[in-house]
Amino acid sequence: MILSVPHAGRDYPAALMAALRPPPAALRTLEDRHVDAVALAARGRETALMQDVPRAWIDLNRAEDERDPLLDEGARAAPLSAKVRAGLGLVPRRTSAAGELWYGRLSAAEVAERIADAHRPYHDALARVLAATRARFGVAVLVDVHSMPPIAGSRARIVIGDRFGRSAAVRYVARVAGAIGATSIPYAVNTPYAGGHILDRHGDPAGDVHAIQIEIDRSLYLDRRLDAPSVDLPAVATLLRAVVDALTDEALGTGLAQAAE
């Protein structure tokens, strides 16, 4: 089992703050605010990768070529993904709440440096850990932990993503759904979040590497302003721990062994 937390970084470089148009608080909408605290509280002996560089600097859940031509001088002109067109590419250009984020454009060299310093090392480390785990146990399971704002018009408070079956075998998703379903928390699968580049790059069910994204509604573990951890955070961490335990059980086959007995 490997835990990944790519979007909780809050270490904002001075160069980023100097280029920012709106007040700094606007960047919090890009953070998976304090979901690292949930993952750390849930973690047992599992390997965990947590990025401290903020998503506003570079987004680990976008591919290296998802560069926005309206911001990045090294970007291709077309075709562009829906996320890039919306301003949420490899380096986010805007947010729905704050609008445009930056005073000026980024040079191709600036973005290349961010890729080399932050994006590529994270993915290389994750690939190494998954390969080592697969070699040792015959299977590796990645839980990519994110958080989301409350979804308007939806009861779902947690969203399970597996790229519509491409990044994990269905039995692993079923175990996650079972662990969440044992609580009173409503959940959905792949709607509206099916996972992104991390699942696309690292999930390989045919090779016994399974990758699942978990999106947790911030109102479950943050205060009313969705800013600071609330007294409910330990309960959410306990739920994430139950998800990890269920996936571990499935990966090691203990569930099948117990059924046979």
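**The second pocket and the rest**

Author: One place to start is the second largest pocket, which holds about 440 Å³ of space. Keep in mind that this is a predicted model.

Reader: Which residues lie nearest the centre of the second largest pocket?
Author: Met1, Arg45, Glu46, Thr133 and Phe137 do, out of 16 residues that line the pocket. The elements that each give two or more residues to this lining are helix 4 (108-137), strand 5 and helix 7 (233-252).

Reader: Which element supplies the largest share of that lining?
Author: Helix 4, with five residues.

Reader: And how does the lining of the second largest pocket divide by class?
Author: There are 10 nonpolar residues, three polar and three charged.

Reader: OK, now the largest pocket. How much space lies in it?
Author: About 720 Å³. Its lining has 32 residues, and Arg55, Arg62, Lys83, Leu88 and Tyr193 are the ones nearest the centre. Two or more lining residues come from each of strand 3 (94-95), strand 5 (140-148), helix 6 (197-202) and strand 8 (209-217).

Reader: Which of the elements gives the most to the lining of the largest pocket?
Author: Strand 5, which gives three residues. Strand 5 is also on the list of elements for the second largest pocket.

Reader: What classes of residue are in the lining of the largest pocket?
Author: By class, 10 are nonpolar, 12 are polar and 10 are charged.

Reader: Let's step back. How many helices and strands does the protein chain have?
Author: Eight helices and eight strands.

Reader: What is the radius of gyration, and what would a compact globule have?
Author: The protein chain has 18 Å, and a compact globule with 261 residues would be near 18 Å, so the two agree. Along its principal axes, the C-alpha trace spans about 65 × 40 × 30 Å.

Reader: What share of the residues is buried?
Author: Buried residues are 50% of the 261 in the chain. As for the surface, the chain exposes about 12000 Å², and 54% of that comes from carbon and sulfur atoms.

Reader: Change of topic. Which peptide bond is cis?
Author: The one from Thr191 to Pro192 is cis, with omega near 5°. Pro192 sits in the loop between strand 7 (187-189) and helix 6. For context, most peptide bonds are trans.

Reader: What is there to say about backbone phi angles?
Author: Most residues other than glycine have a negative phi. His34 has a positive one, near 60°, and Leu226 has a positive one near 55°.

Reader: Where does His34 lie?
Author: In the loop between helix 1 (14-18) and helix 2 (35-42).

Reader: Is His34 buried or exposed?
Author: His34 counts as buried, because its relative accessibility is 14% and the cut-off for buried is under 20%.

Reader: And where does Leu226 lie?
Author: Leu226 is in the loop between strand 8 and helix 7. Strand 8 is one of the elements that line the largest pocket, while helix 7 is one of those that line the second largest pocket.

Reader: How does Leu226 count in terms of accessibility?
Author: As partly exposed, because its relative accessibility is 30%.

Technical notes: Residues numbered from 1 in each chain as written. Predicted model: local features only at pLDDT ≥ 70, side-chain atom pairs only at ≥ 80, totals over all residues. Heavy atoms only, no water. 1 Å grid on protein atoms, 1.4 Å probe; cavity = no way out; pocket = protein on both sides within 12 Å on 5 of 7 lines; lining within 4 Å. Points joined across faces, edges and corners; volume = space filled by probe spheres on them. Helix = DSSP H or I, 4+ residues; strand = E, 2+ residues; numbered from the N terminus. Nonpolar A, V, L, I, M, F, W, Y, C, P; charged D, E, K, R; others polar. Rg over C-alpha atoms; globule rule 2.2 N^0.38 Å. Buried < 20%, exposed > 50% of the residue type's maximum accessible area, 1.4 Å probe, protein only. Areas by Shrake-Rupley, 256 points an atom, 1.4 Å probe, with all protein chains shown as cover.
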